[in-house]
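Work through the exercises below with the sequence and the model in view. Try each task before reading its solution.

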Amino acid sequence: MSNLDKTTKEFIKYLTNEKRYPETTIAVAKQGSEIANHSYDHDWLTEKSLEDTKADISSVNDIAFSLTGNEILLLRPPFGAYNTAIKEGITEKVVMWDVDTRDWESRNTESIINMTKQYTYDGAIVLFHDIHSATIPAVEQLIEYYDSLGYQFVTVSELYEVKGK
């Protein structure tokens, strides 16, 4: 069993491709990971009307619910782009990262590990993209590293509860 399989609790699967990969969405939910909305088309929500943004979010939430039976309570906006109108106009909590590993830029396992170790702190939300092949081995090594330091992996909802968000 890999480190990823052993520590699924801390991973959030952001739904953008749930229609193309429904089996992944179902598997992620079954393993106990928290699922968050990441928009339907991965576009800039701030460039859409609030009504279009809400429709986009609702569409993803409906698909996720039909696949998993779970309501989606979190939104991680693509590119981190949101504004006050979006935050106040939706029911989901907006999730932002504290550490951007820049895996999307480097696509290099060692760079991802170094960036994470340099900037991660207790309670940090770290941004990774599982679509890049270098990210998965980096995350596996980082899980082992942070586990050895006594870090506890939790869901965003659990972290927010502790932080009072």
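**Exercise 1.** How many helices and how many strands does the secondary structure of the protein come to?

*Solution.* The model is a predicted one. Step 1: count the elements, which gives eight helices and six strands. Step 2: read their order from the N terminus, which is α-β-α-β-α-β-α-β-β-α-α-β-α-α.

**Exercise 2.** Find what share of the residues in the protein is buried, and describe the accessible surface.

*Solution.* Step 1: the protein has 165 residues, and 39% of them are buried. Step 2: the accessible surface is about 9400 Å², with 49% of this area belonging to carbon and sulfur atoms.

**Exercise 3.** Decide whether Thr-116 is buried or exposed, and list its contacts beyond four places in sequence.

*Solution.* Step 1: locate Thr-116 in helix α6, which spans residues 109-119. Step 2: its relative accessible area is 2%. Buried means under 20%, so Thr-116 is buried. Step 3: with neighbours within four places in sequence left aside, Thr-116 contacts Thr-101, Val-126, Phe-128, Leu-142 and Tyr-146.

**Exercise 4.** Which residues line the second largest pocket, and of what class are they?

*Solution.* Step 1: the pocket holds about 160 Å³ of space. Step 2: its lining consists of Tyr-82, Lys-87, Lys-93, Val-94, Met-96, Asp-98, Ile-125, Tyr-160, Lys-163 and Lys-165. Step 3: the elements giving two or more residues to this lining are β4 (93-94) and α8 (156-163). Step 4: sorted by class, the lining has five nonpolar and five charged residues, and no polar ones.

How values were computed. Residues numbered from 1 in each chain as written. Predicted model: local features only at pLDDT ≥ 70, side-chain atom pairs only at ≥ 80, totals over all residues. Heavy atoms only, no water. Helix = DSSP H or I, 4+ residues; strand = E, 2+ residues; numbered from the N terminus. Buried < 20%, exposed > 50% of the residue type's maximum accessible area, 1.4 Å probe, protein only. Contact = heavy atoms within 4.5 Å. 1 Å grid on protein atoms, 1.4 Å probe; cavity = no way out; pocket = protein on both sides within 12 Å on 5 of 7 lines; lining within 4 Å. Points joined across faces, edges and corners; volume = space filled by probe spheres on them. Nonpolar A, V, L, I, M, F, W, Y, C, P; charged D, E, K, R; others polar. Areas by Shrake-Rupley, 256 points an atom, 1.4 Å probe, with all protein chains shown as cover.
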